[in-house]
Amino acid sequence: MAKQGQSDSGRETTGLGSKGLEGLTTAANQAATSGPAGRKGLPPVHLWNPPFCGDLDMRIAPDGTWFYLGTPIGRPALVRLFSTILKREGDKHFLVTPVEKVGIRVDDAPFIAVEMQTGEDVRGRLLRFRTNVDDWVDCEKGHGLRFEAAEDGGLTPYLHVRADLWAKVTRALYYDLVDMGEERMVDGQPMFGVESAGEFFAMADASQVRDAL
């Protein structure tokens, strides 16, 4: 018989497959401190490839609200904790630990960019975004903006946070980006976009933007 906290194979279990938020929280805490010397920061989920243990009844709504068993998770610290063990593979999202992986549903993007700061560095203007889980992301090469057509005919910006995980930029911040936008030639075509950290992130064809304004 396996000891408590171990599977029949003797492998220590994380509790991801357990029912209830308590087991999930314990698993996430263990994973968050599994780095070298339990150092603070994001755990190295990109290095983990554990077996898939099924889907979990957890969902991230388009507005960034996390739900478990249909009920919103009202504790920001808990949402932040779960976000640190979030991983994307293809079109699916998972919560992972070194020994288990469970699928969750993400309706749009897993994060929301809720605040933007404009500063300067040696590359020129630098845009910094804060997500709904209090991560700060510099908009630069490797952490760029992309723009997708919205249902209302406008555009929805997304910011690359890390490892193919994206943050949807709020509508208010989108309008701020439009206000600071400019036209540039991209591959011989006039495009409207915004610059940050020496990179130009094109929103749309410049003529379309002019017609819409």
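In which sense do strand 11 and strand 12 pair, and over how many bridges? Strand 11 (residues 155-162) and strand 12 pair in the antiparallel sense, over 4 bridges; two strands count as paired if DSSP finds at least two bridges between them. Helices (H or I, at least four residues) and strands (E, at least two) are DSSP runs, numbered from the N terminus. The model is a predicted one, in which local features need pLDDT of at least 70 and side-chain atom pairs count only at pLDDT 80 or more, while totals for chains, interfaces and linings use all residues. Residues are numbered from 1 along each chain as its sequence is written, and side-chain values use heavy atoms, with hydrogens and water left out.

Overall, the chain comes to 4 helices and 15 strands. Of its 213 residues, 46% are buried, where buried means under 20% relative accessible area, exposed over 50% and partly exposed in between (1.4 Å probe, protein chains only). The accessible surface is about 11,500 Å², and carbon and sulfur atoms hold 50% of that; the areas come from the Shrake-Rupley method with a 1.4 Å probe, and for residues only the protein chains shown count as cover. As for contacts (heavy atoms within 4.5 Å), 49% of those between residues at least 6 apart in sequence join residues at least 24 apart.

Back to strand 12 (residues 165-169), which is mostly covered, with 5 of its 5 residues buried. Side chains in a regular strand alternate between the two faces of the sheet. Here Leu 165, Ala 167 and Val 169 point one way, Trp 166 and Lys 168 the other.

The whole structure holds 3 aromatic pairs. One of them, Tyr 174 with Tyr 175, is tilted, at 5.7 Å centre to centre and 40° between the planes. Rings of Phe, Tyr and Trp (its six-membered ring) pair if their centres lie within 6.5 Å, and planes under 30 degrees apart count as stacked, over 60 as edge-to-face and the rest as tilted. Tyr 174 is buried, at 10% relative accessible area, whereas Tyr 175 is partly exposed, at 47%.

Then there are the loops. Trp 48 sits between helix 1 (21-32) and strand 1 (52-60), and counts as buried because its relative accessibility is 11%. Leaving aside residues up to four places away in sequence, Trp 48 touches Ala 31, Ser 34, Pro 43, Lys 87, Val 96, Thr 97 and Pro 98. Trp 48 and Pro 98 are 50 residues apart in sequence, yet 5.5 Å apart in space, C-alpha to C-alpha.

Most residues other than glycine have a negative phi. Asp 134, with phi near 65°, lies in the loop between strand 8 (124-131) and strand 9 (136-138), and is exposed at 53%. Asp 187, with phi near 55°, lies between strand 13 (182-186) and strand 14 (189-196), and is exposed at 79%.
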